[in-house]
Amino acid sequence: MATVTLDQVKFAWKPGAPVIDIPKCEIQSGEHIFIQGPSGSGKSTLLNLLTGLLLPQSGEIKIAGCSITSLSPSERDRFRADHVGFIFQMFNLLPYLSLRDNVMLACRFSTLRKQRAIAQAGSVAQAADQLLIELGLEKQLSKRLPVAELSVGQQQRVAVARALIGSPDVLIADEPTSALDRTTRDTFIQLLLKEVSQRNSTLLLVSHDDTLSPFFDRTLSLHQINCAGASDAI
Amino acid sequence: MLFNLALASSWSRRHTLFFVVLTIALSVALLMGVEKIRTEVRDSFNRSVSGTDLIVGARGGELQLILYSIFHIGQASNNISWASFELIKSNKNVAWAEPISLGDSHKGFRVVGTSSGFFEHYQTGQQQPLVFQKGMAFNDLFDAVVGADVARQLGYQTGSRITLSHGIGSASFSEHDDRPFSVVGVLKSTGTPIDQSVFISSEAIVAIHDGWQSGSRIRGQQVSIEEVRKKVLQPKELTAMLVGMKSKLSTFHLQRQINNYKAEPLQAVLPGVALQQLWQLIRVAENALRLVSGAVVLAGLIGMLAVLLTSLGARRKEMAILRSIGARPWHIIILLVFESTLLSVIGTLIGVLLSIGILILAKPVLENQFGLFIQSTGQSLDDIPLLAGVVLAGAATGLWPGYRAYQMTAADGLTARC
């Protein structure tokens with residue numbers, strides 16, 4: 001069954017200059033997808049469309065069986081909170097919160113994920129701790145290190161924990177490795193894939209770095225699926 | 001839950017926000033101080049004299065007369081003759097008349113020469129008579145009665161020996177040190193200039209100036225206390241007099257008679273009318289003060305607005321993260337409004353405490369220098385709507401940065417790269 005479906009999705013910032021024009025794209029449940037595209041190929045716009053922050057001018061986007069393009073803005077916000085985990089390129093964490101609070105933050109806006117986390121680990125805090133330990137941050141957690149004292153790689157792992165808590169259906173990562181060196185990057189990707197597989201979540205990772213593609217089930221080139229970006233990329 | 005987040009976020013920026021709170025606190029302290037002084041000035045003046053129907057003094061400004069005779073502010077332009085006093089006192093409609101002779105002081109406190117009847121007739125506040133805390137009215141020539149503040153500040157009790165100084169002011173060089181007085185009575189506190197006065201008899205005023213001329217001792221003339229006692233100490237002049245009428249109806253008649261008196265330029269004023277004049281004078285200053293303090297509060301809020309708007313740039317990522325985990329636009333607005341409300345509440349509370357602290361420190365200065373008696377340094381409940389207004393305005397200040405943040409997150413989406 002397809003978890004993410006894009007059907008005739010068109011988006012333009014200005015009329016007559018489409019940034020996104022994807023006739024058809026389907027991603028199966030549990031798939032690990034690598035979406036490769038250079039900067040300027042409409043990556044950011046696609047991410048904002050997938051997370052429901054932008055609405056396409058036409059077409060339909062379905063995630064986990066729900067047509068998010070027919071939802072109201074606040075319904076889309078709630079949908080995102082419940083079903084989508086998001087990992088930024090960097091600076092994923094709120095510096096004034098502890099590691100655990102940063103992870104638990106994802107459950108603050110979603111009752112569904114909160115209930116799931118409680119069902120899985122007993123409490124939201126325990127679910128956060130479990131994830132942080134699985135992601136190799138046991139020492140940092142027990143030392144109560146402030147977020148600012150973590151390395152970039154460690155910060156990205158905390159972001160993964162936050163995206164995974166309460167097992168959302170889809171994980172979307174926006175260039176999560178671009179600030180990491182090669183070794184850290186590989187460990188990070190392997191860890192991410194392991195965690196995602198354990199939870200049967202669907203992963204969409206967007207990056208310009210095509211050396212990542214061997215780690216994934218399938219690679220989609222944005223150039224191929226997006227008819228709009230083909231002509232005026234770069 | 002959103003509030004914990006807002007608290008943690010504000011706390012992380014506490015070094016900047018401290019100054020916002022400080023600005024608001026200072027502006028609220030100023031506002032409260034102005035309000036307090038405004039109401040206290042009114043109360044203090046209204047409280048100072050009651051039960052007196054007419055104040056009589058040398059012709060001049062009506063306001064000036066009440067200021068120097070009752071509030072001990074400024075000085076009389078002229079004295080009036082004792083003969084006039086006797087004449088008015090003997091009027092058939094007059095119930096009582098008490099003399100007031102000013103011009104001497106004791107360690108910065110004014111000396112009032114009067115008669116012992118003053119303590120029976122003078123009233124403050126809502127027709128409250130003067131009450132002796134200790135002792136009684138003066139009886140002997142060299143007896144003195146002191147007000148509550150004089151006794152407290154100088155540590156006087158009945159039996160204390162004091163000497164008076166010629167002239168007004170705490171640094172007088174001509175001392176009446178050859179005529180010591182003994183304190184026989186201490187008055188209860190009234191919150192009026194009475195508390196800051198030393199009372200002696202009108203005859204005693206004559207006695208301490210015996211052997212003086214034009215404000216200094218006549219050389220070579222030493223008159224002993226025993227010799228002074230034997231003399232006839234009939235005062236020739238006085239500064240002002242307080243008159244109580246048998247019937248209020250005759251007040252205006254007597255006032256007209258006094259004002260038209262040909263033998264001496266006298267004037268009689270109704271205390272209430274003179275106070276009314278004072279309000280008209282003060283109202284302009286009051287409004288100007290309120291306007292200025294209001295403007296300062298506004299400046300404080302604008303300062304907060306500037307800081308909040310500036311902080312948005314640095315908080316872009318914070319907003320994007322919150323949006324990514326499902327925070328709705330109104331969450332973002334609430335976050336900023338909560339912060340501005342928090343800052344306003346803390347600032348207002350500190351401001352109120354600050355104004356109370358400053359008033360406690362300034363109280364003695366206000367009493368000694370300006371004759372302004374502050375009854376309580378705490379804030380009255382009347383100020384609550386004003387304070388609530390400040391907090392509300394502060395909370396509303398957060399709406400604009402909140403809206404800007406909402407616009408920003410809508411434009412940035414999840415791709416703010418800062």
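**Figure 1. B:Ile325 in a loop of chain B.** In this predicted model, B:Ile325 sits in the loop that joins helix H11 (316-324) to helix H12 (329-370) of chain B. Its relative accessibility is 6%, so B:Ile325 counts as buried. Neighbours within four places in sequence aside, B:Ile325 is in contact with A:Ala81, A:Leu105, A:Ala106, A:Phe109 and A:Arg162. B:Asn4 is 321 residues away from B:Ile325 in sequence; in space, their C-alpha atoms are 16 Å apart.

**Figure 2. The buried residues of H3(A).** Buried residues of H3(A) are A:Leu99, A:Asn102, A:Val103, A:Leu105, A:Ala106 and A:Cys107. What do the buried residues of H3(A) pack against? From chain A come H4, H5, H6 and H7. From chain B come helix H1 (2-12) and H11. Two of the buried residues, A:Leu105 and A:Ala106, are also in contact with B:Ile325.

**Figure 3. Helix H5 of chain A and its cover.** Helix H5 of chain A spans residues 124-134. A:Val124, A:Ala127, A:Ala128, A:Asp129, A:Leu131 and A:Leu132 are its buried residues. Their cover includes five helices of chain A: H3 (99-108), H4 (111-121), H6 (138-142), H7 (152-164) and H8 (182-198). Just past H5(A), A:Gly136 has a positive phi of about 75 degrees.

**Figure 4. Nonpolar cores.** In soluble globular proteins, nonpolar side chains tend to be buried together. Here the largest nonpolar core holds 92 residues. Which residues have the most contacts inside it? They are A:Leu6, A:Ile165, A:Leu192 and B:Leu322. Residues up to four places away in sequence not counted, A:Ile165 touches A:Val103, A:Ala106, A:Cys107, A:Arg113, A:Ala117, A:Val124, A:Ala127, A:Ala128 and A:Leu131. A second core is separate and has 33 residues, including B:Ile55, B:Leu102, B:Tyr122 and B:Leu278.

**Figure 5. Helix H3 of chain B crosses helix H10 of chain B.** H3(B) covers residues 62-69, and H10(B) covers residues 271-314. Their axes come within 9 Å and cross at roughly 105 degrees. H3(B) and H10(B) are therefore roughly perpendicular to each other. H3(B) brings B:Glu62, B:Leu63, B:Ile66 and B:Leu67 to the contact. H10(B) brings B:Pro271, B:Val273, B:Ala274, B:Leu275, B:Gln277, B:Leu278 and B:Leu281. By class, nine residues of this contact are nonpolar, one is polar and one is charged.

Figure 6. Leaving out residues up to four places away in sequence, B:Ser293 touches B:Leu30, B:Leu31 and B:Val34.

Figure 7. A:Ser167 is a residue other than glycine, with a positive phi near 40 degrees. A:Ser167 lies in the loop between H7 and strand S7 (170-174) of chain A. At 13% relative accessibility, A:Ser167 counts as buried. B:His72, also a residue other than glycine, has a positive phi near 60 degrees. The loop between H3 and strand S2 (80-81) of chain B holds B:His72. B:His72 counts as buried at 16% relative accessibility.

**Figure 8. Confidence along chain A.** Chain A has a mean pLDDT of 85, with 97% of its residues at 70 or more. Where in chain A is confidence lowest, and where is it highest? Helix H10 (residues 229-232) of chain A is lowest, at a mean of 50. Strand S8 (residues 202-207) of chain A is highest, at 90. Over residues 230-234 of chain A, pLDDT is below 50. Beyond near neighbours in sequence, that stretch has two contacts in the model.

Note on methods. Residues are numbered from 1 along each chain as its sequence is written. Chains are lettered from A and ligands numbered from 1 in the order in which they are written. This is a predicted model: local features need pLDDT of at least 70, side-chain atom pairs count only at pLDDT 80 or more; totals for chains, interfaces and linings use all residues. Side-chain values use heavy atoms; hydrogens and water are left out. Axes are lines fitted to C-alpha atoms, for helices over the stretch in contact, and angles run from 0 to 180 degrees between N-to-C directions. Helices (H or I, at least four residues) and strands (E, at least two) are DSSP runs, numbered from the N terminus. Angles under 35 degrees count as roughly parallel, over 145 as roughly antiparallel, 65 to 115 as roughly perpendicular and the rest as oblique. Contact means heavy atoms within 4.5 Å. Ala, Val, Leu, Ile, Met, Phe, Trp, Tyr, Cys and Pro count as nonpolar, Asp, Glu, Lys and Arg as charged, and the others, Gly among them, as polar. A nonpolar core is a set of buried Ala, Val, Leu, Ile, Met, Phe, Trp, Tyr and Cys residues joined through side-chain atoms within 4.5 Å. Buried means under 20% relative accessible area, exposed over 50%, partly exposed in between (1.4 Å probe, protein chains only). pLDDT is the predictor's confidence in each residue, from 0 to 100.
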